[in-house]
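Opening the notebook on a new model. I want to go through confidence, chain contacts, domains and a few elements.

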Amino acid sequence: MQQLLTTFLTGLTLGMVYAAFALALVLIWRSTRIVNFAQAPMAMITTYVALVIVDAGMSYWIGFAAALLSGLVLGAVIERVVIRPVEGKPEINAIILTLGLFVVIHAVAAIIFGSGFRSFPAPFGLRGFEAGGVTIALTGFAVFTICSVAVVMLLLVALFQHTDIGLKMRASAFNQEVSRMLGVKVTRMLTLGWALAAVVGSLSGLLIAGGSLVSPSYMDSVVVYGFVAAVLGGLDSPGGAVVGGLLLGVSLSFVSGYVGSDLVALASLAILIVVLLVRPAGLFSHATARRV
Amino acid sequence: MKRWTKQMTRIAGLITVGALVAACGAGGRPSSGSSSDTAAAEVGITKDTVTVGATFPLTGVAAPGYSEIPTGAQAYFDYVNANGGVNGRKIKYIVRDDGYNPTTTSEVTNELVLKDQVFAMLGALGTPTHSAVVDFLNSEKVPDLFVSSGSIQWGNDPKAKPYTFGWQPDYEIEGKIIGQWVAKNMPDAKVGLFLQDDDLGVDSEKGVRRYIDKQIVKVAKYTSGNTDVAPQIAALKASGADLVLGFNVPAYTALSQLVAMKLNYKPKWFYANIGSDPELIGSLLSKFSEGAVGKVNPLDGVLTTEYIPGVDATDNAWVQLWQKVWDKHGKDGHLTNYRIYGMSEAYAFVQALQAAGKNPTRKGIVDAVEKMGNDAGPPLAPFRYSADSHLGISGMRVVQLKGLVADPLTPVLVTDLGAAPIKEDDSAAKDGPPASGIPEVKPAG
């Protein structure tokens, strides 16, 4: 019973991190219609920024804020400098470019920060809560993770559904030409989309690093699972990304604990295939309505 | 116009093929006629150099700790070279990074053998990585000395791999020695195994089960690369195991300690030698300064094993020699257990090179290593090398970590694969290095 609960709760926490990462992918997809594979190393590098600041003796929260801020800047800069030249060309160009960025950022991080494992602090306790002599595998940091991802999801829903700027972002992603004619500053919207997505990505990086070890490749498995989570949810819906992340986190935790840890990657692909067979556009997609 | 380009393509193609063929012929080995000195006819050996190669993870997940090994070996070779080398030859040591990725290992090993033309490989690290190249090295007849891995495959079948030799005690005898110690000292413990899902886990589980098959209540395996070990530790906790034997690499020692803290799981921990370096684990866990972790070393009180004297044994003559060598020839950083490991391998290589005689050949050094055994060296137990076994050091002792110091709980215990009994043998633990710090081995006759 205890093992069941522990496996479930650790899966839940991990699922929330996948969800955060999937949210970043959804954000960029909704605002630019491309999938950003460089999201993981971008998040990794901002996490290292936080680590450098914490190592210099400053508080965790200053590092936290600096990481999110540098995510914002990094996202905007990459959009302006690297992605802008291929905008308007076939989407595959931009996607290939993000794969290239993946490799480059990795290598740069290894040169600057070294390639070894380093421990990353957590602002809250890392010891599980106890309730009536039973330890619940939910730490202060896990609660923080769950809450912050939930808040980010709600903010994104609010942004896209209830604000002007969200509407403009969706419009410019959906049809640049028409939006431009209607007076939307499309390029600005694209930059904003990248910047916000990078902030959410940085958050997922910080959440998975907290109370664990980081190395330049620590986000690599997250990119796979986060991508699967986003596709499960339909790539279009923030709610779907969170549900997809949770579904994936919990099921993979059970596979690892009860079946075999070597089957985790396989299981994630099996889940993806099953979901796509049943609902080809993902669990929460609106994409079908748009198909012409 | 079109015909012209077609023709040019053909000509260019022909030239390329021709150049390639010529290049292949030019490679290979140095032509024997070029040197008038017949003594220098062996690959990788000249009148005044011996070139050896090694592959190590200098980057990536396995780099912490392991990347320090070649710096130790290099420092010792610098020391030997500064004192005149071996039979007048300086040792040239080429290290290439494989990032603990078997595909890269193949690439860089090819480079070492075919391009750098090394005489021998020395201390190449890792089970999955070295498995990728061991057949290539044997087919090329390159001595593959002292592989830095405890898999039994390097030495249990010398007929299949005549040029490969293990070095550290293999995982099976480590499992046996740990198993017997538990059976004797903690017969009522409910034992959980925390295993890496490869040779490391398989070999050591076999050894452990020989003694405490009935005491084992749960086996949890993690896959290297998946850093979420919570499901495994949860399964161990649920099984009620109060003694966990961990056969894992250092990063997973840190991860398992972190998760155990999260689950409030406090069994007795016994980590196999490769995952238990207190300094490395302490630095990995340094940030999590909650409760016991922090000022006190997180591995305080943990059980482990030891087969060469560690950096904490400052009054040991070997460690004093390593300190002297490191102070003089070491690069950045201080002396660590991993650097001592590298120096000890380098020391054994110098012994082997001396035993191979004045004009060493690849075949000659293999024969010499097979006769190596009781020459004084840093290992606490003798080597097992013979024509029938290429397995390395024959034993170790059980120790308990007190801070950074390893406190011996047993004498040196020596054994071999399978049903071979475990015996006490302190003979090799008492010797010290020669005054010069360089071995003085007579050529094997």
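My entries follow, one topic at a time.

**Ground rules.** I'm working with a predicted model, where local features need pLDDT of at least 70, side-chain atom pairs count only at pLDDT 80 or more, and totals for chains, interfaces and linings use all residues. Residues are numbered from 1 along each chain as its sequence is written, while chains are lettered from A and ligands numbered from 1 in the order in which they are written.

**Confidence.** I looked up the scores and found ipTM 0.78 and pTM 0.81.

**Chain A against chain B.** I see 32 residues of chain B in contact with 32 residues of chain A. On the chain B side, helix H2 (63–66), strand E7 (216–222), helix H9 (230–238) and helix H10 (250–262) give two or more residues each. Helices (H or I, at least four residues) and strands (E, at least two) are DSSP runs, numbered from the N terminus. That side of chain B divides into 18 nonpolar, 8 polar and 6 charged residues. The classes I use: Ala, Val, Leu, Ile, Met, Phe, Trp, Tyr, Cys and Pro are nonpolar, Asp, Glu, Lys and Arg are charged, and the others, Gly among them, are polar.

**Domains of chain B.** Domain 1 covers 39–169 + 311–394 and domain 2 covers 172–306; the bounds come from an automatic or database domain assignment. Their C-alpha centres lie 29 Å apart. The contact takes 13 residues from domain 1 and 14 residues from domain 2. On the domain 1 side, H2 and helix H5 (127–131) of chain B each supply at least two residues.

**Sheet in chain B.** I traced an open sheet of 5 strands, order E2-E1-E3-E4-E5, with parallel pairing; two strands pair if DSSP finds at least two bridges between them. E2 (90–97) and E5 (164–166) of chain B stand at the edges with a single partner strand each, so one side of each is left without a neighbour in the sheet. E4 (residues 144–147) and E5 of chain B are joined by 2 bridges, and B:Val147 stands opposite B:Gly166.

**Hairpin in chain B.** E11 (residues 395–402) and E12 (residues 405–408) run antiparallel, joined by 4 bridges. Here B:Lys402 stands opposite B:Val405. The hairpin has 2 residues between its strands, and B:Gly403 in the turn has a positive phi of about 65 degrees.

**Helix pair in chain A.** H6 (residues 164–174) and H8 (residues 186–209) of chain A pack at about 105 degrees, axes 9 Å apart. Axes are lines fitted to C-alpha atoms, for helices over the stretch in contact, and angles run from 0 to 180 degrees between N-to-C directions. The two helices are therefore roughly perpendicular (65 to 115 degrees). Contact residues include A:Met169 of H6 and A:Leu190 of H8.

Definitions and conventions:
Parallel < 35°, antiparallel > 145°, perpendicular 65-115°, else oblique. Contact = placed C-beta atoms within 7 Å.
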